[in-house]
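Please look through the sequence and the structure shown here before reading on, and keep them in view as you follow the report.

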Amino acid sequence: MSSPSKRREMDLMKLMMSDYKVEMINDGMQEFYVDFHGPSENLVNVFEVFLPQLLLYPNPSDPLNGEAAALMMRDRAAYEQRVKEYREKYAKPEDIGAATEDKSSDEELSEDESDSGDDQVAGKADP
């Protein structure tokens, strides 16, 4: 079993050598964007079938998060408790709407700043 950082590096290199556009953030291997292309039906399959199965049946013998995998194999009850704590801390249902609203207001601001003042009414550009 290789280390999670080696696995991450190998996976990133495979993406960079493929047809996908990979954009690094802050010149590090920890954060990056990948532009995937293809039919949208594949995304439905990923979100409705693959991800739920992956979350229900994780594979601790080939982890990206070694600490979580070790805890899962050593003490399943403690692992499940930590998952619940993280879910309550980082995945609140009310945060979903807030993130969408923040993005929309940021987009409106950038549009307003680029438009000339002639077409604006009360700070918003006409469509």
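## The chain as a whole

This is a predicted model, and everything described here should be read with that in mind. The chain holds 5 helices and 4 strands, and when these elements are read along the sequence they follow the pattern α-β-β-α-α-α-α-β-β.

Of the 127 residues in the chain, 8% are buried, a class that requires a relative accessible area under 20%. The chain exposes about 10900 Å², and carbon and sulfur atoms supply 54% of that area. If we consider the contacts between residues at least 6 apart in sequence, 15% of them join residues at least 24 apart.

## Salt bridges between separate elements

Side chains of opposite charge can pair when their charged atoms come close. How many salt bridges does a search of the whole structure find? The search finds 4, and one of them joins Arg 7 to Asp 62, with 2.8 Å between the closest N and O atoms. Arg 7 belongs to helix H1, which covers residues 4-17, whereas Asp 62 sits in the loop between helix H2 (40-56) and helix H3 (66-74), so this pair ties together parts that lie 55 residues apart in sequence. Both partners are partly exposed, since Arg 7 has a relative accessible area of 24% and Asp 62 has one of 39%.

Another salt bridge is formed by Arg 82 and Glu 67, whose closest N and O atoms are 3.4 Å apart. This pair also links distant parts of the chain, with Arg 82 in helix H4 (residues 76-90) and Glu 67 in helix H3, 15 residues apart.

In the salt bridge between Glu 80 and Arg 76, the closest N and O atoms are 3.1 Å apart. These two residues are both in helix H4, and because they are 4 residues apart there, about one helical turn separates them. Glu 80 is partly exposed, with a relative accessible area of 38%, and Arg 76 is likewise partly exposed, with a value of 41%.

## The largest pocket

The largest pocket contains about 800 Å³ of space. Its lining is made up of 22 residues, and those that lie nearest the centre of the pocket are Pro 58, Ala 68, Met 72, Tyr 79 and Val 83. By class, the lining has 14 nonpolar, 2 polar and 6 charged residues.

Which helix gives the most to this lining? Helix H4 does, with 6 residues, and H2, H3 and H4 each supply at least two residues of the lining.

Note on methods: Residues are numbered from 1 along each chain as its sequence is written. This is a predicted model: local features need pLDDT of at least 70, side-chain atom pairs count only at pLDDT 80 or more; totals for chains, interfaces and linings use all residues. Side-chain values use heavy atoms; hydrogens and water are left out. A salt bridge is a side-chain nitrogen of Lys or Arg within 4 Å of a carboxyl oxygen of Asp or Glu. Buried means under 20% relative accessible area, exposed over 50%, partly exposed in between (1.4 Å probe, protein chains only). On a 1 Å grid over the protein atoms alone, a cavity is a set of points where a 1.4 Å probe fits but cannot get out, and a pocket is an open set with protein on both sides within 12 Å along at least five of seven lines; lining residues have an atom within 4 Å of a point. Grid points are joined across faces, edges and corners, and a volume is the space filled by probe spheres set on the points. Ala, Val, Leu, Ile, Met, Phe, Trp, Tyr, Cys and Pro count as nonpolar, Asp, Glu, Lys and Arg as charged, and the others, Gly among them, as polar. Contact means heavy atoms within 4.5 Å. Accessible areas come from the Shrake-Rupley method with a 1.4 Å probe; for residues, only the protein chains shown count as cover.
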